[in-house]
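This report describes selected features of one protein model. The sequence and structure are shown first, and the description follows.

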Amino acid sequence: MGVPRWGAVVGLAVKGGGLAVERWLEAERDQLVLWLPVMLGGGIALWFALPDPAAWCVAVLLLVASGLACLAVGQGGRAARALAIGLLTAALGLGLIWARSEWVARPVLGGPTIARFSAKVEAIEPLAARKLVRLTVLPVGKGVETNGQPVALPYRVRVNLAEADAPKLLGTGAVIQLRARLMPPPLPAVPGAYDFARVAWFGGIGATGRGFAPVVVTRSSESGAGIRVALSHHIVSRLDGSAGGIAAALATGDVGAISEEDSEAMRRAGLAHLLSVSGLHITAAVAATMLIVLRLLALSPWLALHARLPLIAALAGAAAAIGYTLLTGSQVPTIRSCVAALLVLAALAMGREAMTLRLVAAGAACVMLVLPESAAGPSFQLSFAAITAIMALHEHPVIRAFFGPHDEGRGRRLARGVASLLLTGLLVEFALMPIAVYHFHKAGLYGAFANIVAIPLTTFVVMPLEALALLLDAGGLGAPVWWLVQRSLDALLWLAHIVADAPGSVRSLPAMPTPAFALMVIGGIWIALWRTRLRRLGLLPLAAGAIWALTTPAPDVLVTGDGRHVAVRTAAGLAMLRDRAGDYTRDMLAENGGVDGEPLLLADQPDARCSRDLCVTDIAARGRMWRILATRSAYMVPIGELISACRSADVVVSERGLPKRCVPRWLKLDRRVLRRTGGVALTLGTGTVVTILTAGDRHPWRDPPVLKRPAHILRSRHARFQDETSGFRAVQGRRKYDVHATAQRRAGDGDRETIPNSMKD
């Protein structure tokens with residue numbers, strides 16, 4: 001009574017819709033538990049997306065309040081309970097990653113320094129292909145700078161040593177004394193580049209750098225370099241070239257002995273997953289252990305009659321999985337595979353079906369509960385996306401019926417197996433493509449076909465031969481088997497290079513917008529986890545995200561955070577400002593600019609005008625020409641010409657502070673601005689400016705606690721700076737520096753931009 005007619009209609013519609021949702025969830029009741037790790041990961045992703053603690057608090061409170069509200073008004077329905085559990089799980093994920101970031105909090109180095117210090121070796125990672133040894137050390141006490149002043153060092157430091165500088169007694173637990181050039185963990189150079197600062201924060205690393213000889217071992221190690229390093233050295237010594245690095249990666253997860261050329265070929269061919277110890281390697285180790293233990297125990301008639309040999313073999317397989325995980329460094333894919341293997345063995349022991357999506361969900365939840373930050377990394381995403389796609393495909397009734405057991409001949413059975421492998425490979429490539437493009441800006445196109453050969457070759461030829469060779473090495477008889485391993489790995493590398501060099505093997509795209517990536521992830525998960533026809537709705541966000549990513553234009557200008565390196569999109573392609581850029585910088589700018597291959601040199605382009613100190617180029621966008629001006633040397637230029645060039649340019653980029661009178665028409669990116677923004681990506685067609693740093697971002701690796709220097713050191717440095725400045729001014733009054741004279745000879749007579757004026761501005 002008293003309810004208007006429209007209200008009754010709305011009420012009936014809501015009630016009918018609620019009943020439809022309840023019927024749908026009843027049909028999907030077995031799949032609901034699979035969404036728990038998804039919501040846990042969603043809470044973790046929300047923490048990374050929101051900017052500061054105030055936003056994190058609001059998000060947690062809203063999630064908890066919404067979950068409790070669902071329980072209060074849901075009247076006991078499955079939809080209300082499922083939504084409440086999902087929201088509370090998301091709140092748990094956000095709280096986990098927040099607590100984890102506070103737990104690992106350590107102050108970082110305040111700035112670049114060269115110091116001598118003592119440290120305890122925590123980990124050793126040989127990088128044989130680069131002739132380096134990477135050490136993770138824990139400094140003991142304070143260090144001493146080159147001027148004799150003490151300097152506080154962070155809790156954990158990572159340094160690279162030349163192989164020739166590494167002492168023979170170096171081992172895990174040893175205490176060493178060394179001199180190193182250290183710097184804080186670097187931010188991404190440009191938007192979309194690798195964020196080592198985030199990885200270092202969760203790893204407790206407060207500084208990185210390069211160590212110099214001599215490195216003195218003040219206390220030797222009791223355990224040596226560890227079994228992992230020793231085994232890697234042994235394997236690499238038995239094989240030539242990158243084959244030894246691949247064999248070491250299969251056994252220990254150590255990829256340091258693989259050359260960059262071969263590593264890139266493996267990535268382009270879609271075979272890089274073979275170099276990461278994951279499901280394939282854990283499965284092979286567990287299966288081999290179980291087979292050997294089962295066969296040996298079956299030799300005893302009494303054990304065969306009175307003991308459950310499969311259960312004993314499963315326990316041995318579990319021990320092998322755990323030991324292999326510890327041996328290979330306990331990386332995220334290895335942990336995931338180990339957890340999955342243990343769950344499979346437990347299911348087999350209880351007589352349950354083992355390979356299901358619930359197994360994958362349990363593994364993902366275990367990893368995120370222990371290492372929640374791993375959910376944001378490509379390793380976790382690629383690993384779980386691949387196994388989820390495989391499980392979802394083979395749980396489908398049609399696929400299960402077609403590829404299941406059939407009463408047929410060997411030829412048809414082989415053809416059916418090849419078709420299954422090809423279909424699985426294509427689906428995995430499709431599932432991994434958004435993740436690869438988002439993190440690496442590249443996607444392989446022929447990986448499914450390469451894996452048809454590479455996976456059986458690795459599983460049934462390379463790994464058994466390598467295990468046999470290591471076993472025979474105990475008696476010094478492994479040389480013939482190592483020869484076979486060499487030939488098989490050479491064949492694998494040949495396949496990788498053939499596929500990588502094929503036309504169109506890799507598609508390069510610019511940095512993908514995070515919302516577009518999120519839409520594709522949501523759509524893919526929706527399709528994989530549901531079983532009714534409503535799963536097709538996942539195609540909508542999947543298609544929307546893909547269209548958004550494909551239609552996102554590549555940036556026209558990329559500027560690194562220090563302002564030294566600039567990449568401009570010209571008519572001929574992406575061109576770099578400086579020709580003396582390292583391989584890493586060139587590759588990084590090319591990848592984030594959506595280019596597959598080496599960038600060009602801006603000075604060689606017909607639409608650019610470059611001197612040794614400045615470069616000017618024009619870019620057509622938004623129906624007009626944009627002029628880009630960039631400095632390319634540390635020499636001073638005539639102040640009048642500089643100001644005039646600034647006024648005629650739309651964008652000015654410089655690694656040093658420019659005079660205030662240098663006012664371009666749109667944007668000035670000099671040292672002062674880049675210190676606040678970090679790397680910058682400009683899209684002139686849409687007027688978009690993307691920066692690394694934003695004013696409200698309070699994630700701990702963006703604004704970390706910094707080790708403070710003692711006040712007397714700061715005062716002494718300030719006094720020394722004042723003395724040097726006074727001396728500089730006195731000398732300048734008597735004569736001109738050679739550098740300034742060189743700049744005068746280059747620019748000709750006229751008004752000059754003097755060094756004191758540039759410092760004052």
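How many disulfides does the structure hold? The structure holds two, a disulfide being a pair of cysteine sulfur atoms within 2.5 Å. The model is predicted, and local features need pLDDT of at least 70, side-chain atom pairs count only at pLDDT 80 or more, and totals for chains, interfaces and linings use all residues. Residues are numbered from 1 along each chain as its sequence is written, and side-chain values use heavy atoms, with hydrogens and water left out.

## Disulfides and other cysteines

When the bonded cysteines of the protein chain are numbered in sequence order, the pairing reads 1-2, 3-4. One link joins Cys-610 and Cys-615, whose sulfur atoms lie 1.7 Å apart. This link is right-handed, with 105° about the S-S bond. Burial is judged by relative accessible area: buried means under 20%, exposed over 50%, and partly exposed in between, with a 1.4 Å probe and protein chains only. Cys-610 is partly exposed at 29%, whereas Cys-615 is buried at 2%.

The other link joins Cys-646 to Cys-662, with an S to S distance of 1.9 Å. The torsion about its S-S bond is about -75°, so this disulfide is left-handed. Helices (H or I, at least four residues) and strands (E, at least two) are DSSP runs, numbered from the N terminus. Cys-646 lies in helix H22 (residues 639-648) and Cys-662 in the loop between strand S16 (651-653) and strand S17 (667-669), so the pair ties together parts that are 16 residues apart in sequence. Cys-646 is buried, at 0% relative accessibility, and Cys-662 is buried too, at 1%.

Cys-70 counts as buried at 15% relative accessibility, while Cys-366 is partly exposed at 38%.

## The open sheet

Six strands form an open sheet with mixed pairing, in the order S12-S11-S10-S9-S18-S19; two strands pair if DSSP finds at least two bridges between them. Strand S12 (600-601) and strand S19 (688-691) each have a single partner strand, so one side of each is left without a neighbour in the sheet. S12 pairs with strand S11 (residues 573-576) in the parallel sense over two bridges. Within this pairing, Ala-575 has Leu-600 of S12 as its bridge partner. Helix H21 (residues 583-592) packs on the sheet, where it touches strand S9 (557-559), strand S10 (566-570) and S11; contact means heavy atoms within 4.5 Å. The direction of H21 makes about 150° with that of S11. Such axes are lines fitted to C-alpha atoms, for helices over the stretch in contact, and angles run from 0 to 180 degrees between N-to-C directions.

## Salt bridges

Side chains of opposite charge can pair when their charged atoms come close. A salt bridge is a side-chain nitrogen of Lys or Arg within 4 Å of a carboxyl oxygen of Asp or Glu, and by this rule the count comes to 20. Three of these pairs are listed below.

| Pair | Closest N to O distance |
|---|---|
| Arg-100 and Glu-373 | 3.1 Å |
| Arg-586 and Glu-598 | 2.7 Å |

Arg-578, in the loop between S11 and H21, and Glu-655, in the loop between S16 and S17, are 77 residues apart. Both of these residues, Arg-578 and Glu-655, are buried.

Arg-586 lies in helix H21 and Glu-598 in the loop between H21 and S12, so this pair ties together parts that are twelve residues apart in sequence. Arg-586 is buried at 17% relative accessibility, whereas Glu-598 is partly exposed at 48%.

A network of salt bridges links Glu-260, Glu-264, Arg-267 and Lys-442.

In helix H8 (residues 260-268), the residues Asp-262, Ser-263, Ala-265, Met-266 and Arg-268 are buried. The buried residues of H8 pack against helix H7 (242-252), strand S7 (442-444), helix H18 (479-500) and strand S8 (506-508). Just after H8, Gly-270 adopts a positive phi of about 75°.

Val-673 belongs to helix H23 (residues 671-677) and is buried, with a relative accessible area of 18%. From C-alpha to C-alpha, Val-673 and Ser-654 are 9.9 Å apart in space, and they are 19 residues apart in sequence.
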